[in-house]
Amino acid sequence: TGSSSCSICSAGQFTSGSGAPNCSSCVAGQYNNASGSSSCISCSPGTFMNTTGSSLCSICAAGQYSTQGSSYCSSCSTGQYNSAPGSPLCNLCSAGAYSSLTGSSSCSVCSAGQFSSGSGSSGCSSCIAGEYSSMSGLVSCIPCSAGTFANKTGSSSCIICATGQYASGSGFPNCSSCVPGLYNSKSGSYNCTPCSAGTYTKEIGSTVCSICAAGLYSTVSGASSASTCTPCYPGSFSISNEGSCRNCPSGTYSSIEGASYCIACAAGKYNSDEGASALESCIDCQPGFFSSSPGLPNCTSCAAGWYSNISGASVCPQ
């Protein structure tokens, strides 16, 4: 009472009307920076003030944000960040990155073997078995190509199938072994090859096929047992790894099953037919003819001045 003049409100204070007995302090979240103010100003987004009577607002730190008139800053949620102080909002981590903590000022990149497919991730997912990622920051994993596999989650590379194994398509968690009758001799194969005629394999995961022995043959492709190797019939023979038997050539014979070679007719004899199966197929040369060495298909007539008066001659005397 009895004042001869009015006092001016300080910065951080105000009076909203005339006749005020005193000044009011700006509430938390507001300020004014000029004396003699009739109102306070709300703190702008990205700033705050947590006390009354403030003449300015404080800036929110990186990893935090605030809306207009805030008395405090909020931390960015997981999957979000901001890198600059005074931000009014937080940004979503991009696909391939994440933030697992609140109040992050940056996002971390997903490691090799992991991915995040969308924005705003709080963590990365591991690649499933059969897929991989060889680089950091990927948004998806890549299926292993045919002939390769990944047998665990979180793989950064695929493994090549060993010989005797295969993976027929993409995205396989493991390789399959070749079944009996099939093989492969190269690593990284996407299929197995049938054993050719004259060979077989009875094992799982074979890298080679076994060969039918000499004197035996097999017409079966993809044979899984030695029982498919069949003895050659009389009058024929085979060397090893044959899909069929060969007829004994003229001048020879074979009288047994499973022959690996044919026997030559003796000198003085001949045989003009293929596939002979008995010694009796070797015929004596007639008188006037001879055969000088074993295994001949025919006899030769004696030259002029030479003769042979017996059957089965190997020479013609003068």
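Which handedness does the link of C93 and C107 have? Select the two cysteines and look along the S-S bond: the angle about it is -85°, and the link is left-handed.

Before going on, a word on what is loaded: this is a predicted model, where local features need pLDDT of at least 70 and side-chain atom pairs count only at pLDDT 80 or more, while totals for chains, interfaces and linings use all residues. Residues are numbered from 1 along each chain as its sequence is written, and side-chain values use heavy atoms, with hydrogens and water left out.

**Stop 1: C93 and C107.** Stay with this pair, whose sulfur atoms sit 1.9 Å apart in a disulfide (a pair of cysteine sulfur atoms within 2.5 Å). The two ends are 14 residues apart, with C93 in the loop between β10 and β11 (97–98) and C107 in the loop between β11 and β12 (108–109). Strands here are DSSP runs (E, at least two residues), numbered from the N terminus. Buried means under 20% relative accessible area, exposed over 50%, and partly exposed in between (1.4 Å probe, protein chains only).

**Stop 2: C76 and C90.** Select these next for another disulfide, with 2.0 Å between the sulfur atoms. This link is left-handed too, at -85° about the S-S bond. Look for C76 in the loop between β8 (74–75) and β9 (80–81), and for C90 in the loop between β9 and β10 (91–92). C76 is buried at 0%, and C90 is buried at 17%.

Stop 3: A search of the whole structure finds 18 disulfides.

**Stop 4: N32.** Go to the loop between β3 (30–31) and β4 (41–42), where N32 has its place. N32 counts as buried because its relative accessibility is 2%. Show its side chain: one polar atom there lies 2.7 Å from the backbone oxygen of Q13. Leaving aside neighbours within four places in sequence, N32 is in contact (heavy atoms within 4.5 Å) with residues including F14, C26, C40 and S54.

**Stop 5: S18.** Finish in the loop between β1 (13–14) and β2 (24–25), where you'll find S18. Is S18 buried or exposed? S18 counts as exposed, since its relative accessibility is 79%. Then draw a distance from its C-alpha atom to that of G154, 136 residues away along the chain: the separation is 72 Å.

Terms used. Helix = DSSP H or I, 4+ residues; strand = E, 2+ residues; numbered from the N terminus. Polar contact = N/O pair within 3.5 Å; in protein donor to acceptor, adjacent residues only side chain to side chain.
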